[in-house]
Every structure is written in structure tokens, then in C-alpha cells.
Amino acid sequence: AETTDHKPSLERERQRVEASGMELHTTVHDDDGFVEERLCVAGEDYPGLSMTRSLGDLSVKNHGVVAEPEVSTWTWNTDGCTTSYIVIASDGLWDFLSPQEVSSMVLDLIS
């Protein structure tokens, strides 16, 4: 099962932080078309966060960036498997690799 990233591209997340004093700065990179979204305090050029929830970043706690997690539950079906693995990682991994790529890497490492 996968969860949803708390990014400013999610409408509900963007609306929440904008209502609390943040603004979204969007840059489209000419070389590859990558769209970069960064949140800054309204009228400022900092901190440039790419997420709407964070454990740290105290400078924006009064501006809607919260540490409150979104909790997901799902049925764990092992289909007769005796060993299962959970990969818990941050955007530092998931922004660059798909769940399928990570699964393949884990399976290669443990085999």
C-alpha cells in the first residue's frame, strides 16, 4: 500500500498552508520541464520547503506547516508468505524512486 505525500501540489494541503500565511513559489525548469514547488512565508523568500508537513522547521509552525501525521491503515494480506517487509522512507527516496523500484531493490538485496 502507498500513502500520499504532503506536497503543496495537493490542493487541500496548499489551501491549508496558504490560509495560514504561506505562499507557493513555482519554477518550471527549462532543461527538463521539472516543476519545482516551494513554500515560503508570504512576502519572503524563505524557507523554501517542498512539503507541507514537517517535524522540524520551527520558523513556519505558525504558518500552517504542521507535524501532524496522516494515518493510513490497510489490510495486511501475506498470501502465505512467511516473511514480509515494510519500507518507511521520506521524500528523499520517494521523490526519486517509485515503489516498484524500491521493492525490486529490497528484494535483490535480501535474496
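**Exercise 1.** How many helices and how many strands are there in the protein?

*Solution.* This is a predicted model, in which local features need pLDDT of at least 70 and side-chain atom pairs count only at pLDDT 80 or more, while totals for chains, interfaces and linings use all residues. Residues are numbered from 1 along each chain as its sequence is written, and side-chain values use heavy atoms, with hydrogens and water left out. With helices taken as DSSP runs of H or I of at least four residues and strands as runs of E of at least two, numbered from the N terminus, the protein has three helices and three strands. Along the sequence they follow the pattern α-β-β-β-α-α.

The radius of gyration, taken over C-alpha atoms, is 17 Å, well over the 13 Å that the globule rule (2.2 Å times the number of residues to the power 0.38) gives for 111 residues, so the protein is more spread out than a compact globule.

**Exercise 2.** Which residues of helix α1 are buried, and against which strands do they pack?

*Solution.* Begin with burial, which means under 20% relative accessible area with a 1.4 Å probe, protein chains only. In α1 (residues 11-19), Glu13, Arg14 and Val17 are buried. Because these residues cover an arc of only 95° around the axis, judged by the directions from the helix axis to the C-beta atoms, they lie on the same side of α1.

Next, take contacts, meaning heavy atoms within 4.5 Å: the buried residues of α1 pack against β1 (22-28) and β2 (35-41). Finally, α1 is followed by Gly21, whose phi is positive, near 105°.

Note on methods:
Buried means under 20% relative accessible area, exposed over 50%, partly exposed in between (1.4 Å probe, protein chains only).
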